[in-house]
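Please keep the sequence and the model in view while reading.

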Amino acid sequence: MIRKIIKIEEDLCNGCGACAEACHESAIQMVDGKAKLIRDDYCDGLGDCLPVCPTNAIRFEEREAAAYDEAAVKANQQAKKTLQGCQGHRAKTIQRQPNNTVQEQSMESQLSQWPVQIKLISVEASYFENADLLIAADCTAYAYGDFHRHFIRNRVTVIGCPKLDDIDYTGKLTEIIKHHTIQSITVVRMEVPCCGGIEMAVKQAIQASGKQVPCQIITISINGEILD
């Protein structure tokens with residue numbers, strides 16, 4: 001059927017996510033740092049997303065599109081609530097006591113934003129403003145057991161692996177530092193040589209930004225210990 005539906009101009013989208021938050025039908029999602037209309041039948045055509053877009057990247061168009069399906073929207077939203085509920089449950093760790101009994105300890109995720117991969121984040125994301133920034137190599141969270149509480153808590157977290165990603169993070173990190181007030185940067189890397197790429201990218205980004213940002217480098221051993 002021909003009906004009125006939104007159109008998102010990807011080139012104009014700055015990745016702020018305001019439209020996704022404003023869409024009551026969850027028809028818009030952030031994909032690779034850009035807003036996407038994920039299904040035509042989720043969009044009711046009312047346009048609550050239009051006035052919140054700061055770059056005017058969203059407009060109406062009339063085209064062939066599936067009819068709005070309220071039942072599908074509700075099913076999708078219920079599925080998302082179920083998933084969020086599962087993710088919100090406390091993770092449990094087991095500690096072995098001296099008498100060989102086990103004791104469960106609950107730990108809550110300290111992650112404050114999404115996405116976290118350097119390749120996917122938007123340099124315009126508002127959560128970077130006045131942030132204490134954690135830039136971590138992928139493997140560190142697996143090597144260091146108390147990573148969430150020790151490093152992620154109260155920080156904005158971005159992660160990457162310079163060896164597997166095979167890209168230079170310097171440019172993107174420079175833009176983040178240049179366009180936001182970053183209070184501090186903590187770099188957590190592994191002791192292996194390939195992690196030197198993420199440390200070097202951060203140092204070069206700070207220099208290229210022209211700002212003075214306090215930065216500390218923390219190295220984790222392959223045995224999960226913090227090295228001096």
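## Basis of the model

The structure is a predicted model, in which local features need pLDDT of at least 70 and side-chain atom pairs count only at pLDDT 80 or more, while totals for chains, interfaces and linings use all residues. Residues are numbered from 1 along each chain as its sequence is written, and side-chain values use heavy atoms, with hydrogens and water left out.

## The chain as a whole

The chain contains seven helices and 11 strands (DSSP runs numbered from the N terminus: H or I of at least four residues for helices, E of at least two for strands). Of its 228 residues, 38% are buried, meaning under 20% relative accessible area with a 1.4 Å probe, protein chains only.

Contacts are defined by heavy atoms within 4.5 Å. Among those between residues at least 6 apart in sequence, 69% join residues at least 24 apart.

## Nonpolar cores

A nonpolar core is a set of buried Ala, Val, Leu, Ile, Met, Phe, Trp, Tyr and Cys residues joined through side-chain atoms within 4.5 Å. The largest has 22 residues, of which Phe128, Leu133, Ile135, Leu173 and Ile185 touch the most other members. Two or more residues each come from β7 (131-137), β8 (156-160), α6 (170-179), β9 (182-190) and α7 (196-209); α7 gives the most, with five.

A second, separate core of 18 residues includes Cys23, Ala27, Ala35 and Val73. Returning to Ile135, its contacts beyond four places in sequence include Ile118, Val158, Leu173, Ile185 and Val202.

## The buried side of α6

In α6, the buried residues are Thr170, Leu173, Thr174, Ile176 and Ile177. They lie on the same side of the helix because they cover an arc of only 165° around the axis, taken from the directions from the helix axis to the C-beta atoms. The buried residues of α6 pack against β7, β9 and α7.

Leu134 is found in strand β7 and counts as buried because its relative accessibility is 0%. Although Leu134 and Ile185 are 51 residues apart in sequence, their C-alpha atoms are 5.8 Å apart. Beyond four places in sequence, Leu134 touches residues including Phe147, Phe151, Arg155 and Val188.

Asp165 belongs to helix α5 (residues 162-165). At 17% relative accessibility, Asp165 also counts as buried. Leaving aside neighbours within four places in sequence, Asp165 is in contact with Gln117, Lys119 and Gly160.

Methods:
Buried < 20%, exposed > 50% of the residue type's maximum accessible area, 1.4 Å probe, protein only.
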